[in-house]
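This report describes one protein chain, moving from its contacts and overall dimensions to its surface. Please read it beside the sequence and the coordinates.

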Amino acid sequence: MNQTCSEDYSDIIHLPHHESKNHPRMSMQNRAAQFAPFAALTGYEDVIQETGRLTDGFIELDEDDKERLNLKVAELVARTDEHPSVAITYFIPDSRKAGGSYATVAGQLKSIDEVQQTIVLEDGTTIPFNHIFDIR
């Protein structure tokens, strides 16, 4: 080790900070930007976020629940001309990954398409029978 240097830097610790005469002091923002991560993989952050996004699994109804829903749909078919208010909880499949989410929509019943197996509300929302979880 060099004899002119002490191990605790006591010989230089109190010296003033060097200021360049040729280069202006860099702003904190520019200095921080030097150490920001390099985005070498375009879209990588989006992939990480998508992977971390949670979805719900589809809940398979048992026979009793299916029968209960069939009775509610039959009641709505009989009352379609009245355009009753309904609240329907149903599964919306995710377009980008397995699973999806459950949503509840409330509105006026417009029609029931028994051929297409869908319920249509006045606002245009179309719900497949096999995605319905509950009807109120």
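In this predicted model, 52% of the contacts in the chain between residues at least 6 apart in sequence join residues that are at least 24 apart. The elements behind this picture are three helices and five strands, and, when the chain is read along the sequence, they follow the pattern α-α-α-β-β-β-β-β. The radius of gyration of the chain is 32 Å, well over the 14 Å that the globule rule gives for 136 residues, so the chain is more spread out than a compact globule. Along its principal axes, the C-alpha trace spans about 100 × 30 × 25 Å.

The values for the chain as a whole can be set out as follows.

| Property of the chain | Value |
|---|---|
| Radius of gyration | 32 Å |
| Span of the C-alpha trace along the principal axes | about 100 × 30 × 25 Å |

Which residues make the nonpolar surface patch of about 440 Å²? The patch is made by Y9, I12, I13 and L15. One of these residues, L15, is found in the segment before helix 1, the helix that covers 28–34. Is L15 buried or exposed? With a relative accessible area of 56%, L15 counts as exposed, because that term applies to values over 50%.

Notes: Residues are numbered from 1 along each chain as its sequence is written. This is a predicted model: local features need pLDDT of at least 70, side-chain atom pairs count only at pLDDT 80 or more; totals for chains, interfaces and linings use all residues. Side-chain values use heavy atoms; hydrogens and water are left out. Patches are made of residues with over 30% relative accessible area and no salt bridge: like charges are joined within 9 Å, nonpolar side chains (Val, Leu, Ile, Met, Phe, Trp, Tyr) within 5 Å. Accessible areas come from the Shrake-Rupley method with a 1.4 Å probe; for residues, only the protein chains shown count as cover. A salt bridge is a side-chain nitrogen of Lys or Arg within 4 Å of a carboxyl oxygen of Asp or Glu. Helices (H or I, at least four residues) and strands (E, at least two) are DSSP runs, numbered from the N terminus. Buried means under 20% relative accessible area, exposed over 50%, partly exposed in between (1.4 Å probe, protein chains only). The radius of gyration is taken over C-alpha atoms; the globule rule is 2.2 Å times the number of residues to the power 0.38. Contact means heavy atoms within 4.5 Å.
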